[in-house]
Amino acid sequence: MDTLTRLEATIAQRLTAAPEESYVAKLHAKGLPKIAQKLGEEATEAVIAALAGDEAELVGEAADLLFHLLVLLGAKGVALEQVLAELDRREGVSGLAEKAARSE
Ligand SMILES: N=c1c2ncn([C@@H]3O[C@H](COP(=O)(O)OP(=O)(O)OP(=O)(O)O)[C@@H](O)[C@H]3O)c2ncn1[C@@H]1O[C@H](COP(=O)(O)O)[C@@H](O)[C@H]1O
């Protein structure tokens, strides 16, 4: 099982934990608007790290961003698998477009 799939499962388990023991449960208890706000903040922090920080900072902010995206997807009942399938579909579409462009 890959890292994101494992993390998705951990997040799903932690949703029902005690909020004082679990960051995931605490954030979930605050509701979808707070989860969405956190994701936006983490995205901004990743952008700032990319433009002004060092590589380690960007790695940390990117990890925060992916983690909070998984929390949001979990709260909305969207499986990581659905997102990966959409990326696979696009890869297929762009692969076909590239092939078509090469044969012109
Ligand atoms: N990957 C993460 C992870 N990344 C970031 N964070 C938390 O995300 C928060 C983001 O930091 P901020 O300073 O922006 O937020 P904050 O001040 O703590 O929170 P707010 O005041 O904004 O609500 C920090 O508290 C981090 O600890 C994470 N918390 C948990 N995980 C994973 O989720 C699993 C379950 O965690 P628990 O729910 O805590 O058991 C853990 O085992 C980890 O694998």
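Modeller: The axes of H3 and H4 approach within 8 Å and cross at roughly 160 degrees. Each axis is a line fitted to C-alpha atoms, for helices over the stretch in contact, and the angle is taken between N-to-C directions on a scale from 0 to 180 degrees. H3 and H4 are therefore roughly antiparallel, given that angles over 145 degrees count as roughly antiparallel, those under 35 as roughly parallel, those from 65 to 115 as roughly perpendicular, and the rest as oblique. The model is a predicted one: local features require pLDDT of at least 70, side-chain atom pairs count only at pLDDT 80 or more, and totals for chains, interfaces and linings use all residues. Residue numbers start from 1 along each chain as its sequence is written. Helices are DSSP runs of H or I with at least four residues, and strands are runs of E with at least two, numbered from the N terminus.

H3 passes H4 in a left-handed crossing; a crossing is left-handed if the near helix is turned anticlockwise from the far one by less than a right angle, and right-handed if clockwise. On the H3 side the contact involves Leu32, Ile35, Ala36, Lys38, Leu39, Glu42, Ala43, Glu45, Ala46, Ala49 and Ala50. They meet Glu57, Leu58, Glu61, Ala62, Asp64, Leu65, His68, Leu69, Val71, Leu72 and Ala75 of H4, contact meaning that C-beta atoms placed from the backbone lie within 7 Å. The residues of this contact comprise 15 nonpolar, one polar and six charged. Here Ala, Val, Leu, Ile, Met, Phe, Trp, Tyr, Cys and Pro count as nonpolar, Asp, Glu, Lys and Arg as charged, and the others, Gly among them, as polar.

H4 also packs against H1: their axes come within 10 Å and cross at roughly 55 degrees. H1 and H4 are therefore oblique to each other, and H1 passes H4 in a right-handed crossing. In this contact Leu4, Leu7, Glu8, Ile11 and Ala12 of H1 face Leu66, Phe67, Leu70, Val71 and Gly74 of H4. Its residues divide into eight nonpolar, one polar and one charged.

Leu70 belongs to helix H4. Leu70 is buried because 23 other C-beta atoms lie within 10 Å; the criterion for buried is 20 or more such atoms around the residue's own, for exposed 12 or fewer, and for partly exposed anything in between, with C-beta atoms placed from the backbone. Not counting residues up to four places away in sequence, Leu70 touches Leu4, Leu7, Glu8, Ile11 and Leu80.

On the H3 side, Ile48 is located in a helix spanning residues 32-52, and Ile48 counts as partly exposed, with 13 C-beta neighbours inside 10 Å. The C-alpha atoms of Ile48 and Glu61 are 9.2 Å apart, across 13 residues of sequence.

Methods. Two residues are in contact if their C-beta atoms, placed from the backbone, lie within 7 Å.
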